[in-house]
Structures are given as structure tokens and as C-alpha cells.
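Subject: Structure handover

Hello,

Here is the structure for you to look at. Please open it beside this email and follow along.

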Amino acid sequence: MVSCVIIGMMVLGLVASHANAITCTEAISTLMPCKDYLIGKSNFVSVPCCTGASALNGKVKTKPELKSMCECLKQAAAALHVIPERAKSLPGICKITTPVPIDPNADCNK
């Protein structure tokens, strides 16, 4: 229930202000199957998590989209108390290369 409230608040505050290939809301929704792994409730990454991460990876292409998505995921990671080491391990576990980190400590200007 707390997750739903946090996600609801993030949806209101983080929806991209310009037309992106994917909105912040959609990105967070796409990665929700990863939540239990990212916050330490599970030691395993699910197939739906990797499917979502892979799908998100394919939708963000331009530099402004990358920056917007980085900011979105950075704020979501902080709000959900994502364990940075787990976020960093996700691309390797899912066998994908991500241009946008899922890390509360990410520098989105790079």
C-alpha cells in the first residue's frame, strides 16, 4: 500500500513535461516487477523484471529522453529506497546494456 502511495505521488510529480517516447509513469510501471529485488525483499530477479528493463531500454533514445528518464529513475530509486548495488547489478543479471542508470546517486548530466 505504501508503494502505491509513493508511486502515486511520483506519478503526479514526475510525469515528463514534453513528449517522450515513454513517460516517467510508464517507466516506473515497467520496472515495478523489479521492485522486490531492488529494495532487498527478494534475492532473485524475475523474468517480468528483465522483460520490463529490456523494454524500457529500447524506448529511450535521444539525449533529452535519456536525461529525463535518468532524473525520473533517480527520484524513483530514492523514493523507494532502492539499494544502489542491486540497481547497478540489474543490467548484468538481465543481460542488457542500459544508457540510463537505475541509481539514486546517478549524475544525469553525463
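Which cysteine does a disulfide join to cysteine 50? The partner is cysteine 94, with an S to S distance of 2.1 Å. Keep in mind throughout that this is a predicted model.

**The link of cysteine 50 and cysteine 94**

A disulfide is a covalent bond between the sulfur atoms of two cysteines. Here, cysteine 50 sits in helix H4 and cysteine 94 in helix H6 (residues 84–94). These are distant parts of the chain, 44 residues apart. Cysteine 50 and cysteine 94 are both buried. The torsion about their S-S bond is -75 degrees, and the link is left-handed.

**The link of cysteine 34 and cysteine 49**

Now look at cysteine 34 and cysteine 49, which a disulfide joins at 2.0 Å from S to S. What is the handedness of this disulfide? It is right-handed, because the torsion about the S-S bond is about 100 degrees. Cysteine 34 lies in the loop between helix H2 (24–31) and helix H3 (35–38), and cysteine 49 lies in helix H4 (residues 47–59), so the pair ties together parts that are 15 residues apart in sequence. Is cysteine 34 buried or exposed? Its relative accessible area is 0%, so cysteine 34 is buried. Cysteine 49 has a relative accessibility of 1% and also counts as buried.

**The link of cysteine 70 and cysteine 108**

Cysteine 70 and cysteine 108 form a disulfide as well, with sulfur atoms 2.1 Å apart. Cysteine 70 is in helix H5 (residues 63–80). Cysteine 108 is in the segment after H6.

**The pairing as a whole**

How many disulfides does a search of the whole structure find? It finds four. Number the bonded cysteines of the protein chain in sequence order, and the pairing reads 1-6, 2-3, 4-7, 5-8.

**Helix H6**

Which residues of H6 are buried? They are Pro84, Arg86, Ala87, Leu90, Pro91 and Cys94. Their cover includes H3 and H4. Just after H6 comes lysine 95, with a positive phi of about 60 degrees.

**H2 against H5**

Two packed helices are described by the angle between their axes and the distance between the axes. For H2 and H5, the axes come within 10 Å and cross at roughly 55 degrees. That angle makes H2 oblique to H5. The crossing is right-handed. Which residues of H2 meet H5? Cys24, Ala27, Ile28 and Leu31 do. On the H5 side, they meet Met69, Cys72, Leu73 and Ala76.

The protein chain averages a pLDDT of 81, and 77% of the residues score at least 70. Among its elements, H3 has the highest mean pLDDT, at 96. Helix H1 (residues 2–14) has the lowest, at 39. Over residues 1–20 the pLDDT is below 50. Beyond near neighbours in sequence, that stretch has 20 contacts in the model. Where pLDDT is low, the predicted coordinates should not be read in detail.

Best wishes

Methods: Residues are numbered from 1 along each chain as its sequence is written. This is a predicted model: local features need pLDDT of at least 70, side-chain atom pairs count only at pLDDT 80 or more; totals for chains, interfaces and linings use all residues. Side-chain values use heavy atoms; hydrogens and water are left out. A disulfide is a pair of cysteine sulfur atoms within 2.5 Å. Helices (H or I, at least four residues) and strands (E, at least two) are DSSP runs, numbered from the N terminus. Buried means under 20% relative accessible area, exposed over 50%, partly exposed in between (1.4 Å probe, protein chains only). pLDDT is the predictor's confidence in each residue, from 0 to 100. Contact means heavy atoms within 4.5 Å. Axes are lines fitted to C-alpha atoms, for helices over the stretch in contact, and angles run from 0 to 180 degrees between N-to-C directions. Angles under 35 degrees count as roughly parallel, over 145 as roughly antiparallel, 65 to 115 as roughly perpendicular and the rest as oblique. A crossing is left-handed if the near helix is turned anticlockwise from the far one by less than a right angle, and right-handed if clockwise.
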